[in-house]
Amino acid sequence: ATSFEAARAAERLVRIEYAEETHDAELRADDPKLFKPEKVNPDTESDTAQGDVDAALVAAEFVVDEVYETPAFHNNPMEPHATLAVWEDDRVTLYDSTQGATPVQETIAKAFGLPREHVRVISPHVGGGFGSKGTPRPQVVLAALAARVVSLPVKVAVTRQQMFAMTGYRTPTIQRIRLGAGRDGRLTAVVHDVVEQTSTLEEFAEQTAVVTRMLYASPNRRTTHLLAALDVPTPSWMRAPGECPGMYALESAIDELAHACGLDPIELRIRNEPEIDPDTGHPFSSRNLVACLNEGAERFGWRERDPTPRSRREGAWLVGMGVAASTYPARRQPSKARARRRDGDFVVELAAADVGTGARTVLTQLAAEALEVPVEMVRVEVGDSTFAPAPLAGGSMGTASWGSAVVEACRRLRESGDEEVEVDTSDEVERANKESFARHAFGAQFVEVRVNGETGEVRVPRALGVFAAGRIVNPKTARSQFIGGMTMGIGMALFEESIIDPRFGDYVNHDLATYHVPVCADIEEIDATWIDEDDSHLNPMGTKGIGEIGIVGMAAAVANAVHHATGVRFRKLPIRLDRVITEI
């Protein structure tokens with residue numbers, strides 16, 4: 001086809017016949033085919049155990065033993081996946097929407113048997129990703145194949161509906177949490193068992209229980225993951241994979257334990273604050289969860305609330321407050337960066353990705369600091385695989401990874417007087433990783449909800465996040481990141497849900513008319529702030545990632561607030577109005 005319209009007309013003429021085979025697309029906790037994955041994302045032990053949890057649960061004064069369920073969730077960036085491919089002899093240029101030009105370059109070069117330098121990926125601007133653009137998707141290969149066949153530029157743009165089948169999603173989970181505690185509320189046993197799905201095509205195991213290994217102190221702990229390989233699309237990364245659904249279950253259970261013990265939920269968390277990382281035994285490079293909880297309680301007016309569920313009513317509306325903790329690893333990967341002088345100013349080049357987070361802005365600030373010049377004299381170029389190779393934008397490690405290389409390149413350029421300097425931080429990152437510190441960002445999230453007792457509607461008039469995430473380089477972009485994650489967490493709690501058709505193993509509500517996300521009417525006042533944190537064990541900038549910690553814990557805070565408002569505990573997401581009106 002020589003036009004988009006002709007291609008669409010031809011596509012509608014194609015008829016496909018299917019030979020039906022036995023298949024299974026339903027996730028069940030009692031599935032006899034469940035198996036233990038060798039590792040969970042990214043490369044973590046599937047199961048861990050310390051102490052005797054069974055004996056500790058029997059001896060505990062208070063026990064919480066509940067199952068929490070989350071559905072599949074789909075990444076829905078504003079800009080769908082799209083690639084334009086252009087061949088010149090045996091070289092291909094791909095104009096792509098990706099979270100990492102370097103990984104796409106490497107994948108396409110391998111797939112087509114090309115030298116890496118024969119593949120150029122250009123992606124200066126990306127309209128969101130949330131993990132779905134973290135690895136190359138089918139449209140990149142299809143565009144390159146088709147362009148090679150017809151010897152013309154070819155663009156393949158994935159429709160919103162197609163995104164639900166081929167660009168990844170967050171696996172549904174069935175999570176059993178068991179907590180044992182003494183009369184003082186201190187944990188004596190923590191068990192987190194997870195069942196989730198992967199596809200029969202490729203294994204992806206989400207690290208759902210990993211955060212439970214390090215958040216609270218307990219002498220007896222066990223975490224497990226089981227997978228069901230189903231006839232469904234393959235799940236993948238979605239903002240804070242693992243930590244996000246895992247913290248919904250853990251922080252909901254912690255809230256339930258606080259009610260069972262008769263303790264304030266914040267006080268219970270403070271009593272179980274560990275001195276060192278319970279999982280690794282390493283000291284934390286910095287850990288200010290308690291400070292976040294106390295600061296948030298003061299700002300939100302937490303101490304003035306009546307702790308009795310269903311105690312506050314305004315007409316048809318039941319009003320409640322909830323709180324949850326957040327945490328996310330502070331990771332860093334090796335990166336390269338090139339800095340050079342140009343016409344009296346400075347240019348910094350690296351194949352990083354700005355997915356709408358303000359990466360260019362922050363890297364420009366860091367470069368100017370290292371060069372000791374005004375920001376107006378610095379231009380940062382990203383999103384091109386011909387620049388210095390860089391890791392993808394993901395895992396809340398962009399600024400830490402890219403910034404380390406940018407700062408070092410600019411520092412050397414300033415000190416040497418050379419015209420151009422390129423650095424590789426591989427050795428420095430390897431040395432830092434050998435230091436025995438547990439590096440994590442922390443936060444506390446507070447939510448007020450209004451639940452209509454007649455219609456089941458849930459509204460969020462107020463939400464506050466308080467975070468401890470190292471040095472905040474740019475307050476404006478940071479606040480936007482935090483609020484974006486918090487909004488996404490509210491959507492997870494109340495609206496988002498991908499519904500599978502078991503006859504076909506695919507998702508039926510595959511558009512933004514039927515896959516619901518929050519709008520302005522659902523969330524009235526949302527704010528984020530942070531605690532100044534000086535951590536010398538991170539990177540040259542002292543930063544921790546902030547792209548994902550905003551979503552972690554938010555769904556639990558909403559669910560805990562709904563319980564406080566209604567007296568009903570919802571352990572299955574989303575908290576839809578039909579479920580609410582049935583229960584209350």
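Modeller: Take S151. With a relative accessible area of 63%, S151 is exposed, because the cut-off for that class is over 50%. This is a predicted model. S151 sits in the loop between α4 and β8. Its backbone is worth a look. Phi of S151 is near 55°, a positive value in a residue other than glycine. Most residues other than glycine have a negative phi.

Now the elements on either side of that loop. Both α4 (138-150) and β8 (154-157) give two or more residues to the lining of the second largest pocket, as do α1 (4-11) and α5 (160-166). This pocket holds about 930 Å³ of space. It has 22 lining residues, and the closest to its centre are F4, A7, K155, V156 and A157.

S396 is in the loop between β16 (378-381) and α10. S396 counts as buried, because its relative accessibility is 11% and the limit is under 20%.

Follow the chain into α10 (398-416). Both E408 and R411 lie in this helix, three residues apart, about one turn. Their side chains meet in a salt bridge, 2.5 Å from N to O. R411 counts as partly exposed, at 28% relative accessibility. Elsewhere, salt bridges that share partners join D24, R28, D30, D31 and K33 into one network.

The count of salt bridges comes to 52. One of them pairs E106 with R116, at 3.2 Å from N to O. E106 lies in helix α3 (101-112) and R116 in the loop between α3 and β7 (119-122), so this pair ties together parts that are 10 residues apart in sequence. E106 is partly exposed at 40% relative accessibility. R116 is partly exposed at 33%. R186 and D184 form another salt bridge, with their closest N and O atoms 3.3 Å apart. R186 is partly exposed, with a relative accessible area of 43%. D184 is partly exposed too, at 31%.

R239 is a contrasting case. R239 is buried yet has no salt bridge. R239 lies in the loop between β11 (221-230) and α6 (243-261). Its side chain reaches the backbone oxygen of Q481 at 3.5 Å. Beyond its neighbours within four places in sequence, R239 is in contact with several residues, among them F130, R170, C244, G484, M488 and I551.

Back to the backbone. Most peptide bonds are trans. The bond joining N41 and P42 is cis, with omega about -5°. P42 is found in the loop between β1 (39-40) and β2 (44-45). The peptide bond from L573 to P574 is also cis, with omega near -5°. P574 lies in the loop between α13 (554-566) and α14 (577-583).

One more loop residue: L350, between β15 (345-349) and α9 (359-371). L350 counts as buried, at 0% relative accessibility.

Definitions and conventions
Residues are numbered from 1 along each chain as its sequence is written. This is a predicted model: local features need pLDDT of at least 70, side-chain atom pairs count only at pLDDT 80 or more; totals for chains, interfaces and linings use all residues. Side-chain values use heavy atoms; hydrogens and water are left out. Helices (H or I, at least four residues) and strands (E, at least two) are DSSP runs, numbered from the N terminus. Buried means under 20% relative accessible area, exposed over 50%, partly exposed in between (1.4 Å probe, protein chains only). Lys and Arg count as positive and Asp and Glu as negative; His and the chain ends are not counted. A salt bridge is a side-chain nitrogen of Lys or Arg within 4 Å of a carboxyl oxygen of Asp or Glu. A polar contact is a pair of N or O atoms within 3.5 Å; within protein, one must be able to donate a hydrogen and the other to accept it, and residues adjacent in sequence count only if both atoms are side-chain atoms. Contact means heavy atoms within 4.5 Å. On a 1 Å grid over the protein atoms alone, a cavity is a set of points where a 1.4 Å probe fits but cannot get out, and a pocket is an open set with protein on both sides within 12 Å along at least five of seven lines; lining residues have an atom within 4 Å of a point. Grid points are joined across faces, edges and corners, and a volume is the space filled by probe spheres set on the points.
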